[in-house]
Amino acid sequence: MLYAILAYHVESEVLSWTPEEDAAVVAKVIEVQAPLRASGHSGPAARLDETRKARTVRGPGAGMVLDGPFAETKEQLLGFHLVEFDTDDEVIAAARRLRQVNPTAVYEIRPVKLYVPADGFGATPADG
């Protein structure tokens, strides 16, 4: 089963980090990702750009494009990791390892119904 581990954090806190603090967190996350990737459990991960650059499409038909993510949470979605595990327990353990190096982040785990990769990692059937 493919899962997306969504990384939520208070954006203003992350943006207040010095380049050195940011680089240190990123380096620790890469360390956690390395064995996951080596074991074939981890696919792409991304840090999303600032939420002020986000857009939301909602409403009937083609939808209306609105500025911002309009998340109804204190934290904002700032990135994600795409991983593949057989059980919920395994993906929860991976999220906990990520949280150990970035303990103020909140990680949401969501099964991925359909993923069409460019590199062959974790392809799901077209019927989802």
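1. Ile 92 is partly exposed, because its relative accessible area is 33%, where buried means under 20%, exposed over 50% and partly exposed in between (1.4 Å probe, protein chains only). Ile 92 is placed in helix H3; helices (H or I, at least four residues) and strands (E, at least two) are DSSP runs, numbered from the N terminus. The C-alpha atom of Ile 92 is separated by 9.6 Å from that of Glu 108, 16 residues apart along the chain.

2. The model is predicted: local features need pLDDT of at least 70 and side-chain atom pairs count only at pLDDT 80 or more, while totals for chains, interfaces and linings use all residues. Residues are numbered from 1 along each chain as its sequence is written, and side-chain values use heavy atoms, with hydrogens and water left out.

3. Glu 108 forms a salt bridge with Arg 110, with 3.5 Å between the closest N and O atoms; the term denotes a side-chain nitrogen of Lys or Arg within 4 Å of a carboxyl oxygen of Asp or Glu. Glu 108 is partly exposed at 26% relative accessibility, and Arg 110 is partly exposed at 45%.

4. The whole structure contains four salt bridges. Among them is the pair Glu 50 and Arg 52, at 2.8 Å from N to O. Glu 50 counts as partly exposed at 24% relative accessibility, whereas Arg 52 is exposed at 56%. Another joins Lys 53 to Asp 49 at 3.4 Å, N to O; Lys 53 is partly exposed, with a relative accessible area of 43%.

5. A patch of negative charge on the surface gathers Asp 86, Asp 88, Asp 89 and Glu 90. Patches are made of residues with over 30% relative accessible area and no salt bridge, like charges being joined within 9 Å and nonpolar side chains (Val, Leu, Ile, Met, Phe, Trp, Tyr) within 5 Å. Asp 86 lies in the loop between strand S5 (76-84) and helix H3 (88-101) and counts as exposed because its relative accessibility is 68%.

6. Gln 76, in strand S5, counts as buried at 18% relative accessibility. Beyond its neighbours within four places in sequence, Gln 76 is in contact (heavy atoms within 4.5 Å) with Ala 7, Tyr 8, His 9, Val 10, Glu 11 and Thr 51.

7. Overall, the protein has three helices and six strands, in the order β-α-α-β-β-β-β-α-β from the N terminus. Of the 128 residues, 33% are buried. Among contacts between residues at least 6 apart in sequence, 72% join residues at least 24 apart.

Technical notes. Accessible areas come from the Shrake-Rupley method with a 1.4 Å probe; for residues, only the protein chains shown count as cover. Lys and Arg count as positive and Asp and Glu as negative; His and the chain ends are not counted. The place of a charge is taken as NZ of Lys, CZ of Arg, CG of Asp or CD of Glu.
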